[in-house]
Amino acid sequence: MTLRERLAAWGLLLGGALAAWTLAAAALPVPAYVLPSPAAVLQALGDLVTKGILPFYVLASLRRLVTAALVAAAVGVPLGLLLGMSRRVAEFVHPVLNFFQSVSGIAWLPLMLVWFGFGERTILVAINYTVLFPVVFNALLGVRSVPPLYASALRTLGASRWRIARDVLIPGALPNIATGLRLGLAYGWRALIAAEMLVGAHGLGFMIFSAQSFHLTARIVLGMSVIGALWVLLDYFVLRPLEEATIARWGLVQR
Amino acid sequence: MTPKIAVRSLRHEYVNPFTRERVLALDGVDLEVAPGEFLTVVGPSGCGKTTLLGILAGLVRPTRGEVLLDGRAVTGPGPDRGVVFQEFAILPWRTVERNIAHGLEIRGVPRAQRAATVRRFVELVGLAGFERKYPHELSGGMKQRVAVARTLAADPEVMLMDEPFAAVDAQTRITLQEELNAIARATRKTILFVTHNVEEAVFLGDRCCVLARRPGRVKAMVPVPIPRERRTWTLFTSDPTFDAARQRVLTLVREEVGGQDRAG
């Protein structure tokens, strides 16, 4: 399917879903707040945009995500590379990283609330933690997945250890590093929304959770839609191109 | 005359990481390679050819014995011994020219001089027009040409080649062998070339060193007294000197393979 055909098919699917939703909202014998209609959600969108609330919350959530991405790139990537340089160290820390990667920031939240309080600090710790581990883990795997033959070849050309790290191990790990960032941010986005729901004073998670107290269900559906849409756009326009740039150019996948 | 390479009573033992068995790969290997000589090392699989080459390269430390280069003991890898590996050991994220220039970069050769050297070797191995391509855009034969050019461009005193043409198709292999012969003639490098292919060993070598298997040691040295400029595949199939050497080497290698069968 070409992109145009896909866009047409998605449009059709979206239109059908919206029609069915509108119909259900009108026909079902339940109060309007239980199942808000698409029109109500659209109205909430217009309302929150004109009041400037939605842009402010979107920016607040994205700012936290971008901060975590930068920290992970600056700290997590070098750390993962360093740990991956030695086979013995890598084998030792592998299960440890795997363990902490699987205990998501969401599972940590109850404890983090005790440690860091009901506020911005907990949100930042939770999202940075969640993004960091997949990034470290995949950078380590990246170094380990570089064929030892490449390093041997460079040694016979007279390369120093530093030179081998710079010319072989780091570029060889780049596709995994891109994958790690993509995964880390995907996990991080979920953890961020959860943390904002519990302790946020603003952000998309705060928006949908606080709306629930006033039965502002249209606002909740709107927030959910924005959370999904933002991720799809971020992934499609930033993360996937980054991953493909490293992998495809080096012929590591056949396209 | 001091030999370029001298191998003295080499022994190498290692533990197979999968079966945990001790393997005696080489025992009592002695050989000498003269400056400018093209020595081929041939033997059945499992005779320790690759181990021998790894030791010469300095990538493997022998259990006992020593390797001398111009009379000095080899203690590790170094740019005086260039290696062309069996698999494609060029870097997939570097273009052809950046791969070929790698040894020069490591040595700190200035950019302009590097470019000139790269151009020369790109021409020599027939890769003109492919300088900006990445390895995945090249055929197997072309990748191996890049590997040969990278080693040559670094200007080593000795070229060590580990079955470099084993992974390419038969037609390309013949072309590459003739090209390597021409390169050996043009550069006068000392070359040690490991292979399990008897024809290849006789076609390329000034001498053929036949290895016995398990443990590997030198079984025989077969001279191939044919000048470099007369070595082409058309002549190879008709020349009686070639044929005699080929029969001789084939018989010696067959004895080793037969011994393996009887041992079960």
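Okay, let's start with strand E7 of chain B, residues 158–162: five bridges join E7 to strand E8 of chain B, and the two run parallel. Keep in mind that this is a predicted model. If you want one pair of residues to look for, B:Met161 stands opposite B:Phe193 in E8.

Now, E8 of chain B has another partner too. Strand E3 of chain B, residues 38–42, pairs with E8 in the parallel sense, again over five bridges. Here the pair to look for is B:Phe38, which stands opposite B:Ile191 in E8.

So, what about E8 itself: how many of its six residues are buried? The answer is six of six, across residues 190–195 of chain B. And both faces are covered. On one side you have B:Thr190, B:Leu192 and B:Val194, and on the other B:Ile191, B:Phe193 and B:Thr195, all of them buried.

Quick reminder for anyone new to this: strands of a sheet pair through backbone hydrogen bonds, and they can do that either parallel or antiparallel.

For the antiparallel kind, stay in chain B. There's an open sheet of four strands, in the order E2-E1-E4-E5, with antiparallel pairing. At the edges stand E2, residues 22–33, and E5, residues 72–73; each has a single partner strand, so one side of each is left without a neighbour in the sheet. Further in, E1 (residues 5–15) and E4 (residues 64–69) of chain B pair antiparallel over five bridges. To find that pairing on your screen, look for B:Val7, which stands opposite B:Val67 in E4.

Okay, over to chain A and its helices. Helix H6 of chain A, residues 120–144, meets helix H8 of chain A: their axes come within 7 Å and cross at roughly 160 degrees. Angles over 145 degrees count as roughly antiparallel, so that's what we call H6 relative to H8 in chain A. H6 of chain A passes H8 in a right-handed crossing. And the residues of that contact? They split into 22 nonpolar, ten polar and one charged.

Last bit: where the chains meet. 15 residues of chain A are in contact with 22 residues of chain B. On the chain A side, helix H7 (148–156) and helix H8 (161–199) each supply at least two residues. Which helix gives the most to that side? It's H7 of chain A, with six residues. By class, the side of chain A that touches chain B has eight nonpolar, four polar and three charged residues.

That's me done, thanks!

Key. Residues are numbered from 1 along each chain as its sequence is written. Chains are lettered from A and ligands numbered from 1 in the order in which they are written. This is a predicted model: local features need pLDDT of at least 70, side-chain atom pairs count only at pLDDT 80 or more; totals for chains, interfaces and linings use all residues. Two strands pair if DSSP finds at least two bridges between them. Two residues are in contact if their C-beta atoms, placed from the backbone, lie within 7 Å. Ala, Val, Leu, Ile, Met, Phe, Trp, Tyr, Cys and Pro count as nonpolar, Asp, Glu, Lys and Arg as charged, and the others, Gly among them, as polar. Axes are lines fitted to C-alpha atoms, for helices over the stretch in contact, and angles run from 0 to 180 degrees between N-to-C directions. Angles under 35 degrees count as roughly parallel, over 145 as roughly antiparallel, 65 to 115 as roughly perpendicular and the rest as oblique. A crossing is left-handed if the near helix is turned anticlockwise from the far one by less than a right angle, and right-handed if clockwise. A residue is buried if 20 or more other C-beta atoms lie within 10 Å of its own, exposed if 12 or fewer, and partly exposed in between; C-beta atoms are placed from the backbone.
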